Amino acid sequence: MTRWLSKNLIRIYAALAFIYLFIPVAYTMAFSFNDSGKRNLIWQGFTFKNWLNPCGAPEVCTALGNSIKIGFLATLFSTILGTMIAFALGRYSFRGRNTTNLLIFLPMATPEIVLGASLLAMFLNLGINPGFWTTVIAHVMFCISFVVVTVKARIASLDPKLEEAARDLYATEWQTFRRVTLPLVAPGIAAAALLAFSLSFDDFIITNFNSGTVNTFPKFVWVSSARGVPAQANVIGSAMFLIALAIVISAQIYSSAKARRLQKKH
Amino acid sequence: MAFAHAGTATASKPGRAGMRIPYLLLLPGLLWLLLFFVLPLINLAETSTKTPIAGGETGAYEQTFRLQNYVDAFSENSAQFSRSFIYALLATVLALAISYPLAYAIAFKSGKYKNILLVLVIAPFFTSFLLRTIAWKQILGEEGPVISILRTFHLIGADTSITATALAVITGMTYNFLPFMTLPIYASLERIDPRLMEASGDLYANGLTTFRRVTFPLSMPGVVAGTLLTFIPAAGDYVNAQILGNPTTKMIGNVIDSRFFRIVDYPTAAALSFTLMAAILILITVYIRRAGTDELI
Amino acid sequence: MANHPDAAKTGDLKLSSITKSFGDFLAVDDLDLVIPKGSFFALLGPSGCGKTTTLRMIAGLEEPTSGKIYLGDTDLTDTKSYRRPVNTVFQNYALFPHLTIFENVAFGLRRRGIKEVKESVEKVLALVELAHLRDRKPTQLSGGQQQRIAVARAIVNRPALLLLDEPLGALDLKLRRQMQIELKWIQTEVGITFVHVTHDQEEAMTMADTIAVMNEGRIEQLGSPADLYENPKTAFVANFLGQSNFIKGTVESTSGADQFVNLQGTRIAIPAARNSSTHKSLLVGIRPEKFRIHNVGDATTGNKLEGGVVTDISFVGVSTQYQVEMPWKQELMIFEQNDGGAPNLRKGDAVTLSWEPHFTFALDGDEDVKSGLAGVDGE
């Protein structure tokens, strides 16, 4: 018994850590089925009605829509800009490299509240009213660094011999990029885009400073938390969780099934 | 990696067009950071030494280069400052204590379930962190299950509560930044060649010595990255303190937030922001030097 | 061949005073080299000798600091890599992991806009006997299979020149032997000039018809494998290709085609043609397998050295290796075939050594006898 315990201690520890990680998720999900009134604090009984009518609470779907729109635009811009920087850093030697690295690192080392406050102060100084686009601008700003780091890691793990092989096999610089480099870096770019979207979608602090009267999903949750978050917010949070999990797991199954199929063929 | 750069750089002809390419790639992104990260910081620095216009309305300030603003801001809020750093430090240590064994188990003990477990570490992320923090508030709250269980078994008195305490704030921060700690540690553990650990065992090191002398030192880059990714947002956080804390657990983030939005005291908010940023940057620099992982930046 | 954009640009490959430096480091030092069309040519040398840099300059992946590269009469020096009728089999193969085997092989043809891709690819896959793997990804292939695909991907383009950068380095010994024979066969089959870079002397000798031994950015000696082995011109070449015994001696006299050398007190004969030095003091080289070992007093032919004592014997199957200490305190290495020709010896026995004069080679007396030794085992 003691031997079994000492052998599996770390597994038990990991299992406990996972339970800790999932308690609030489970709680959020459970309360998405709560037949509550406006205050979703105490269990009142099981119902599907929140799931059937996720926009039931006022504002919640407007806020969600804004979050998705902002997340999409922030992901698009930050992925493009960040990938370009990552390629410059990963594939060229140039003067100003260290300065660039520092400029990429600093936003990640700056607390969100400083990023948010400084940007808002500047917008106010310039007489710009914060709103939808200032939020997009802010999100792109803090997502760029994470995109650069993610894509750069992928580029660094690429064997430069593959690009040499392409050039050796009659591919011009552009064809080499298009046919070899880009497809090989693509998983890194996809991961960076996913990261950027989740950072943007879940951001509260910077958004709270720079969005003016535009509501986002985290802002909605924050504001309503004083009175009790409506169950519809739990529905949306749970749905996001389930959708993301489904995407990741089906991608996993697809790739392993594909590998197995190829193995079987011969 | 530097070598790879040199190799490819010499391979592509360093003609005039070739020299321009990296700068063209950098330009839009760096311009964005310059306009919306560097310029706001400069503007913030400028704001931080302003003083209210005598007799002016709220929110009207003029530049007087008053450095005393910093001294005032710090001395008025030193309690919140130290609380921010202590809470962030505790949350970082706790997160490390939870994450390291977790990352170790995923990297070395999970067999074919490795990928699924990794997904599970990231999965809670997809539920809004505010929702999860509010969930903690309700779980730990007066009407929540934890308190009622503890009270039923008379483990705590009827008037003891968990919510609205420093403990709740630190628990929440630990929880929220856990994946930031786990993933980098996992990544650096994953890269370790298992033969190194076998070699250590072969050279008469027991399990613990192997861990102390081989595994842990090799995972240092991940530990450094993880602790930074946890500590930095934790030190600037005010959401956990707001939702899970009480007025005596306010952190510097709460002060900056309220100076900005409620009191409209931009100079103090700016001075506080700068002091916080400077303190964090100094800590990071010292920490990275001490840990010997300069290449991280 | 007709489809190739540079079909006309064939002929011998000429490197003319090629120099390449990386900062202060001189990788290739004023190199002149002609590689005849259709030959199997090996660049052999220890790591860092400049052989890979030379190969990369031929491929166009590295620019020479100075000098010219010609293929036939065409100057290729400033031609971009993707315009050269040259293909490379990379070390560790560099197969594109995101493409199938078929698409890997078709890559070069597609870039050149050639129509009959399918036909050509299938033909070359049949040549390397891997047609059944066409839909797999490179990671699903064994090392030997990846190696053959790398060759197929290059030769399908019918280049004027095929460059092989340590192509067999990642394979185990048995597979390496098999691939050596296979590559040699492919070369005769397709008739393309092969330039092969390797640090493995046995591999170079097995495969190439001409070997250039490189050291510190220069060519030490160029010739056929047998020529390099039997008549090395420097201690580096002698040591890098096989093992040698070096004994110090001085030239006494020359008569016609023969030279007489005082070898530590014994007068021996060597063919003058096998002395690459003009100095009086020499290093006389004798390969271990050229020595014959005798009991004292037995009849011998050719040159003879007396007064040896056996200090070590090791049996290695096909041969037995003896270490013999000579009166001047030098240990010599002797290999004898286990064909009953050698006497039964034990440690401490006194012996006489003999060898035929034409198996001797002589170098400058001031050559470094240890030169090239480190490169034999090292990567």
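**View 1. Between domain 1 of chain A and domain 2 of chain A, the count of salt bridges is zero.** A salt bridge is here a side-chain nitrogen of Lys or Arg within 4 Å of a carboxyl oxygen of Asp or Glu. The side of domain 1 of chain A that touches domain 2 of chain A divides into four nonpolar, no polar and no charged residues, with Ala, Val, Leu, Ile, Met, Phe, Trp, Tyr, Cys and Pro counted as nonpolar, Asp, Glu, Lys and Arg as charged, and the others, Gly among them, as polar.

The model is predicted, so that local features need pLDDT of at least 70 and side-chain atom pairs count only at pLDDT 80 or more, while totals for chains, interfaces and linings use all residues. Residues are numbered from 1 along each chain as its sequence is written, chains are lettered from A in the order in which they are written, and side-chain values use heavy atoms, with hydrogens and water left out.

**View 2. Domain 1 (57-216) and domain 2 (230-266) of chain A, as given by the domain assignment, bury about 410 Å² between them.** Buried area is the accessible area (1.4 Å probe) that two parts lose on being put together, summed over both. Carbon and sulfur atoms give 92% of this area, and A:A57, A:V60 and A:L64 supply 70% of what domain 1 of chain A buries against domain 2 of chain A, more than any other three residues.

**View 3. Chain A and chain B bury about 7700 Å² between them, of which carbon and sulfur atoms give 79%.** In chain A, the residues that lose the most area to chain B are A:Y20, A:L21 and A:W222, together 9% of what that side buries. Between chain A and chain B there are zero salt bridges, but nine residue pairs in polar contact, both residues at pLDDT 80 or more.

**View 4. B:W136 and B:Y175 form an edge-to-face aromatic pair.** Rings of Phe, Tyr and Trp (its six-membered ring) pair if their centres lie within 6.5 Å, and planes under 30 degrees apart count as stacked, over 60 as edge-to-face and the rest as tilted. The rings of B:W136 and B:Y175 lie 5.4 Å apart, centre to centre, with 80 degrees between the planes.

Key: Domain bounds come from an automatic or database domain assignment. A polar contact is a pair of N or O atoms within 3.5 Å; within protein, one must be able to donate a hydrogen and the other to accept it, and residues adjacent in sequence count only if both atoms are side-chain atoms.
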